[in-house]
Amino acid sequence: QDADPRQELRRALRRRRRESTPAERMAAAEAIATQLLAHPRFPAEGYIAGYWAMAGEVPLHVLQLRLAPAQVWCLPCIQPDGSLRFAPWRSGDPLVANRFGIPEPDLDPASLLPAREMALVVMPLLGFTRNGRRLGMGGGFYDRTLAFRREAAAPPWLVGAAYAFQQLDSLDAQPWDVPLDAIATDKE
């Protein structure tokens with residue numbers, strides 16, 4: 001059985017991302033929030049899904065803090081089937097650690113929202129290409145959750161949040177990959 005050629009690339013990109021300094025992370029958070037909020041496709045209202053930054057991922061707290069009252073911040077929650085559902089969350093609301101140690105809102109699973117109800121999903125990534133390919137951590141959570149987007153361009157708007165150094169020249173597509181609509185980095 002052949003090893004996944006993406007694994008070595010993932011290791012290198014994870015290492016580089018973890019080496020980013022707190023100042024680089026804060027600058028990236030500021031730049032990405034400013035760019036997204038100024039973008040004409042940024043939803044004026046509705047559910048906006050982000051993520052809890054881990055292992056050097058671009059933090060999104062700046063974006064969360066700048067949302068208008070009609071924009072509701074949500075965090076992903078891993079489901080038993082490996083998909084994601086989303087929970088509205090405000091700073092101070094209770095959190096619990098999921099099986100990977102990532103904080104998730106402590107809500108009844110029946111109250112979680114499907115991805116189709118999000119106006120925007122901002123996703124973490126390890127690598128990306130300019131044509132919208134995304135290299136994630138390898139668990140397939142976002143690809144499973146957003147599989148309906150492979151069939152039709154429907155909401156939510158999908159944006160990858162990254163450092164410019166995560167850009168790749170090319171990335172082979174996998175049949176299950178869901179392409180991004182846009183990528184926001186600390187540079188553009």
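**Salt bridges and buried residues in a predicted model**

Glu188 and Arg130 are joined by a salt bridge whose closest N and O atoms are 2.8 Å apart, the term being used for a side-chain nitrogen of Lys or Arg within 4 Å of a carboxyl oxygen of Asp or Glu. Glu188 belongs to the segment after S10 and Arg130 to the loop between S7 and S8, so the pair ties together parts that are 58 residues apart in sequence. Arg130 counts as exposed at 58% relative accessibility; here buried means under 20% relative accessible area, exposed over 50%, and partly exposed in between, with a 1.4 Å probe and protein chains only. Helices (H or I, at least four residues) and strands (E, at least two) are DSSP runs, numbered from the N terminus.

The model is predicted, so local features need pLDDT of at least 70 and side-chain atom pairs count only at pLDDT 80 or more, while totals for chains, interfaces and linings use all residues. Residues are numbered from 1 along each chain as its sequence is written, and side-chain values use heavy atoms, with hydrogens and water left out.

The structure holds six salt bridges. One of them pairs Arg6 with Asp177, with 3.4 Å between the closest N and O atoms. This pair links distant parts of the chain, 171 residues apart: Arg6 sits in helix H1, and Asp177 in the loop between strand S9 (157-162) and strand S10 (182-185). Both partners are buried, Arg6 with a relative accessible area of 9% and Asp177 at 17%. Another salt bridge joins the side chains of Arg11 and Glu8 at 3.1 Å, N to O. These two residues both lie in helix H1, three residues apart, or about one turn of the helix. An α-helix has 3.6 residues a turn, so residues three or four places apart point the same way. Arg11 is partly exposed, at 41% relative accessible area, and Glu8 is likewise partly exposed, at 45%.

Helix H1 itself (residues 6-18) has 13 residues and spans 18 Å from its first C-alpha to its last, close to the 18 Å expected at 1.5 Å a residue; the expected span is 1.5 Å times one less than the number of residues. Its buried residues are Arg6, Arg10, Leu13, Arg14 and Arg17. Seen down the axis of H1, they fall within an arc of 105°, so they line one face of the helix; the arc is taken over the directions from the helix axis to the C-beta atoms. Their cover includes helix H2 (22-38), strand S7 (127-128) and strand S8 (134-135), where contact means heavy atoms within 4.5 Å.

Asp143, in helix H4 (residues 141-145), makes an interesting contrast. Asp143 is buried yet has no salt bridge, and the nearest side chain of opposite charge, Arg134, is 4.9 Å away. In this count Lys and Arg are positive and Asp and Glu negative, with His and the chain ends not counted. A polar atom of the Asp143 side chain does lie 3.0 Å from the backbone nitrogen of Val178. Leaving aside residues up to four places away in sequence, Asp143 touches Arg150, Trp176, Asp177 and Val178.

Pro59 is found in the loop between strand S1 (46-49) and helix H3 (61-65). Pro59 is buried, with a relative accessible area of 13%, and touches Arg25, Ala29, Ala53 and Tyr163, not counting residues up to four places away in sequence.

Terms used. Polar contact = N/O pair within 3.5 Å; in protein donor to acceptor, adjacent residues only side chain to side chain.
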